[in-house]
Amino acid sequence: MKKFLDLGMQPLANKYLTRNDLKNKKKEKLYHLEVGFDKKTKLVSILNKVSSEKMFDNKYPYRSSMSKTMTKSFKILANKITKVYNPKIILEIGSNDGSLIKNFKKKKVICVEPCKNLAIITKNKGFKTYADYWNINLAKKVKSKHGKVDLIYSANTLSHISDLNSVFKSIAHVLSDDGILIIEDPSLLECLKKVAYDQFYNEHIYVFSLLSIKNILQKFNLEVFDTEILKTHGGSIRYFIKRTKNFNIKVNISVKKQLKNELRFRMDKFSTYITFKKKVEKSKIKLVNLFHKIKKDKKKIIGYGSTAKSVTVLNYCKIKSESLDYFVDTTPDKTKKYMPGTHIYVDQYKQDLLDGVDYIFLGAWNFKEEIFKKEKKYIKNGGKFITHIPTPQII
Ligand code: TMP
């Protein structure tokens, strides 16, 4: 792994602080966030990995059901799964609060979710849920209890797990011979194109490309047979995977196209990542200057969508509560708390909180359309947004 980007010292992106934590001057642990590229495997990953137990505990705040964009995307996929594959059993790795599986019959679903506060949600709704990390022990347990599984799905989860060999070995252990694995995660090509350096935080150990996924899968006799480009999470790829020896399924042209696009962007070359790093450094200067200029004019800036991505940006650019008054967010476990590192207050979203605000920093830039639709009144009244994607600007 050769380093190409240094995003400074960063706190764990989902460890929100309470008022008491601040009063007691609770010390936050910071980790050096550096990103590297492996020439051989084409994998891009952060260099200093934090143990899963520290990040995914019984207080994990992120809820995928908080966004209409995500729930809609899951619903469309669920319909496709039923129509095209009609599986007997669906195993979801990282089922969060059940946004995808709620679209299926209870007896068809197995959930795996290590964050106990989330696992309890699907469990209480009657879905078979394993509140555990995905590894070979759990895969063996699942297989002995339920037999082989004909559809495995995982969204925005595998990029959080350090040991990819263990992940895919465990998947290969339970997947039936003609079974399908569907995974989706942020796309490295989109991340590079959009200068979305905030896709990197302690939890996002990897940002995958088809180039890198292909290499890992090969080791386990698995292959991608189709890809779908998604708008979710700032640009993602959904990979449809089968066993290599399953000749009943043909490889779609989309796979060749995606590979061609990645190679055209020279994603197999280290120099591409150095170009990206230079763009990131410029982006930081531009964003800091933009905030500085607005604050000099005594204007009010707040943030919208207290994302893990915002934590990376704000800590990297050292933007604190002197320039950004507060964030608004809809997630109950993030609100009435303080953001990791910068200690900016996160208030429970109410439209009134946007009154008298001159600029809103789009923390959840990946939900720009959804937010713009919701905040028509703010926009009509002359309110402006700040985004750093693809370059810092006012919109
Ligand atoms: P994500 O980018 O990691 O999915 O997080 C999105 C965050 O933005 C999540 O904390 C919920 C928040 N959010 C709002 O507060 N209001 C909204 O309208 C949307 C779409 C998201």
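Predicted model: local features only at pLDDT ≥ 70, side-chain atom pairs only at ≥ 80, totals over all residues.
Residues are numbered from 1 along each chain as its sequence is written, and side-chain values use heavy atoms, with hydrogens and water left out.

E184 and R238 form a salt bridge, and their closest N and O atoms are 2.6 Å apart. The term stands for a side-chain nitrogen of Lys or Arg within 4 Å of a carboxyl oxygen of Asp or Glu. This pair links distant parts of the chain: E184 sits in strand 8 (residues 175-186) and R238 in strand 11, 54 residues apart. Helices (H or I, at least four residues) and strands (E, at least two) are DSSP runs, numbered from the N terminus. Through shared partners, salt bridges join K80, E184, E228 and R238 into one network.

## Other salt bridges

The structure holds 14 salt bridges. Another one joins D57 to K15, with the closest N and O atoms 2.6 Å apart. D57 lies in the loop between helix 2 (52-55) and helix 3 (68-85), and K15 in the loop between strand 1 (2-10) and helix 1 (19-23). D57 is partly exposed at 21% relative accessible area, and K15 is partly exposed at 30%.

An open sheet is formed by 7 strands in the order 6-5-4-7-8-11-10, with mixed pairing; two strands pair if DSSP finds at least two bridges between them. At the edges are strand 6 (128-130) and strand 10 (222-230), each pairing on one side only. Strand 5 (residues 109-112) pairs with strand 6 in the parallel sense over 3 bridges, and I110 has K128 in strand 6 as its bridge partner.

## A buried histidine

H204 belongs to the loop between helix 7 (188-193) and strand 9 (206-207). Is this residue buried or exposed? H204 is buried, with a relative accessible area of 5%. Leaving aside neighbours within four places in sequence, H204 is in contact (heavy atoms within 4.5 Å) with I46, S159, H160, P186 and Q199. A polar atom of the H204 side chain lies 2.7 Å from the backbone oxygen of Q199.

Note on methods: Buried < 20%, exposed > 50% of the residue type's maximum accessible area, 1.4 Å probe, protein only. Polar contact = N/O pair within 3.5 Å; in protein donor to acceptor, adjacent residues only side chain to side chain.
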